Amino acid sequence: MKERYSRQILFSPIGEKGQQKLSEKHVLLIGAGALGTSNAEMLARAGVGKITVVDRDYVEWSNLQRQQLFTERDAVERIPKAVAAAHRLREINSEINISGEIMDVSVQEIEELVEGVDIMIDATDNFETRMLLNDASQKYKVPWVYGACTGSYGLSYTIVPGQTPCFSCLLGAVPMGGETCDTVGIISPAVQIVAAYQAAEALKLLVEDYKSLRRNLFYFDIWQNQQSTIKVEKLKKDDCPSCGQASTYPNLDPVNLSRTAVLCGRDTVQIRPANKKKRNLDELSDRLQAVEGGKVEGNTFLLNLTIEGRRLVAFQDGRVLIHGTKDISEAKTLYNRYIGG
Amino acid sequence: MKLFINGEEMIVPDNVTNVEKLLDYFNLNNKAGIVERNQVIVDRSLHAEESVTNEDRIEIVHFVGGG
Ligand SMILES: [Zn+2]
């Protein structure tokens, strides 16, 4: 057991004490895409006691180029990322506690997930979820490590409640649209650099070596051979609604969150029903088999209906992804027509 | 005019006289980001007032959503 972590224990800032601390900590990873799988593998190998990986999507062929925990089989079978990641992580380290949650993280979910967690790692693909993480971090005093990348560019920053500016302070306003991995692409080395910075900061936080935290915003372009940092402490706003004196955590107010989202440049709309109840996929499957011109496939976790040149994927947690359109009203029509309620 | 942008020496046209015009020049004006001029962060509301002069050291970082 000790042999396994011997090289990390030899590293004096961690040592025996740090290793013990790691084994007692719980990391929440939001997102099991490129950043999520890379962070998860490093932290699982490092012996973090409990890792929870949350993701709303399933594995596709276009993920395999950089999302290191997944295999071709996962893509063929459309295994939910949270399930495939947890499976692989357990193969890597059976001595730690790993939990994979198939869910779309919104207010209610984050409030439940954050309980008992020591740090959160941002491996999401959108700003809305990051703002949610940000406010949950402030409200429950849990640090989080921002990370993002597109193309050959990436950046990272560690947010410690009560010490650093929060993400809202840094960002000003939430940007609309912008570059995504699906519009400008992404190369794996850019992912790995961001993930390495995030995981290193996570280790510092987990072994409680706070003075070694980076404290500045790091960014790079690995193709253009640029890298730099900015000191951002001055951006902390006293009147910030998320981290200021009279914080109201606006991003945890459901009024400010959408139920329907166009997914990160994927030509896909996600619909999240207002009433949260488990969807009976067997019942739905029986019903859809009867639909003329439709093709129904599925696995334990999701059901896939191909019809009218579109593809609808229904999850147990109630969500439905409508592939092949960015048009929310068309997506809603298809949802109401075939899934209903 | 010669600037050091993200540590790299670059020549930009002389009509790039302030931070706003510089961001326009790089097509970065509608992105969320932070600009630092000679190691001081430029307030977002003051990009048009903050002039850019020869040999300035500028850092431009923009936030992206991918991951
Ligand atoms: Zn703030």
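Me: How many residue pairs are in polar contact between domain 1 of chain A and domain 2 of chain A?
Reply: This is a predicted model, in which local features need pLDDT of at least 70 and side-chain atom pairs count only at pLDDT 80 or more, while totals for chains, interfaces and linings use all residues. Residues are numbered from 1 along each chain as its sequence is written, chains are lettered from A and ligands numbered from 1 in the order written, and side-chain values use heavy atoms, leaving out hydrogens and water. A polar contact is a pair of N or O atoms within 3.5 Å, where within protein one must be able to donate a hydrogen and the other to accept it, and residues adjacent in sequence count only if both atoms are side-chain atoms. With both residues at pLDDT 80 or more, the number between domain 1 of chain A and domain 2 of chain A is eight.

Me: How many charged residues are on the side of domain 1 of chain A that touches domain 2 of chain A?
Reply: Asp, Glu, Lys and Arg count as charged, Ala, Val, Leu, Ile, Met, Phe, Trp, Tyr, Cys and Pro as nonpolar, and the others, Gly among them, as polar. On that side of domain 1 of chain A, seven residues are nonpolar and three polar, and the number that are charged is nine.

Me: Which residue forms a salt bridge with Arg272(A)?
Reply: A salt bridge is a side-chain nitrogen of Lys or Arg within 4 Å of a carboxyl oxygen of Asp or Glu, and three of them are counted between domain 1 of chain A and domain 2 of chain A. For Arg272(A), the closest N and O atoms are 2.9 Å apart, and the partner is Asp104(A).

Me: What area is buried between domain 1 of chain A and domain 2 of chain A?
Reply: The domain assignment, which is automatic or from a database, gives domain 1 as 3–256 and domain 2 as 260–339 of chain A. Buried area is the accessible area (1.4 Å probe) that two parts lose on being put together, summed over both. Carbon and sulfur atoms give 48% of the area between these two domains, which is about 1,600 Å².

Me: Which element gives the largest share of the side of chain B that touches chain A?
Reply: Across this interface the rule finds zero salt bridges, while eleven residue pairs (both at pLDDT 80 or more) are in polar contact. Strands (E, at least two residues) and helices (H or I, at least four) are DSSP runs numbered from the N terminus, and those of chain B giving two or more residues to this side are S2 (8–11), S3 (33–37) and S5 (57–62). The largest share is four residues, and the element that supplies them is S5(B).
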